[in-house]
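Here is a short tour of a few local features, written for someone who likes to know the cut-offs. Have the sequence and the coordinates open as you read.

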Amino acid sequence: MSSEVIKISGRGIALVGNDIDTDRIIPARFLRCVTFDGLGEQVFKDDRTQTQGNHSFDQPQYQGANLLVVNGNFGCGSSREHAPQAIARWGIQALIGESFAEIFFGNCVAMGIPCVTAEPAIVKALQEAIAANPQTPMTLDLDTLEVTLGDKKYPVSLAAGPRQMFISGTWDSCGQLIQSADKIRETAAKLPYLSFA
């Protein structure tokens, strides 16, 4: 099993606006679910209803896009894990933005979804280029810390710790446990206070 996240390629989708909070990403009435299944259909539900089909997530040219470009303080508000889960289940695999709320960022890392930052002018250029031609191929490369959109490259940032976790695959704590199951059993067998029947 390989959990490394180094390069994500596909197409971009832009969502313009600062301070888009977790209640807008997934409204509270959808938090009663037992599993996260189906949350992708409800992502930005109220915003999408208010814009009557003009929201980026409803427009046909963005269906299948997997790289979300946002502005400042994205994911602020409550700490609900449902927000990144809903975005991921819609199809987003990485986010590029001016800044991210700390808990939202941490929840994304725990799910293997990179959130890289870029200067406001770069984010604006990406959003405008995506709007002009939504079919343009886009790639986020965590090794080089660059976003490529068409034939243009843009620098992005990600702190050394999370970047290393993605590149090495250590963001996936469950995957690490599964991969190390034999070593865990071996260590547990040596512990005097554990006995296995």
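## Two loop residues with positive phi

Glutamine 52 sits in the loop that joins α3 (45-51) to β2 (67-69); helices here are DSSP runs of H or I with at least four residues, strands are runs of E with at least two, and both are numbered from the N terminus. Its phi is near 50 degrees, a positive value in a residue other than glycine. Glutamine 52 counts as exposed, at 71% relative accessibility (buried is under 20% relative accessible area, exposed over 50%, partly exposed in between, with a 1.4 Å probe and protein chains only).

Aspartate 19 is in the loop between β1 (7-14) and α1 (22-25). Though not a glycine, aspartate 19 has a positive phi of about 60 degrees, and it is partly exposed, with a relative accessible area of 44%. For context, most residues other than glycine have a negative phi.

## A note on the model

This is a predicted model, in which local features need pLDDT of at least 70 and side-chain atom pairs count only at pLDDT 80 or more, while totals for chains, interfaces and linings use all residues. Residues are numbered from 1 along each chain as its sequence is written, and side-chain values use heavy atoms, leaving out hydrogens and water.

## Threonine 148

Strand β6 (residues 146-149) contains threonine 148. Leaving aside residues up to four places away in sequence, threonine 148 touches Pro137, Met138, Thr139 and Lys153, where contact means heavy atoms within 4.5 Å.
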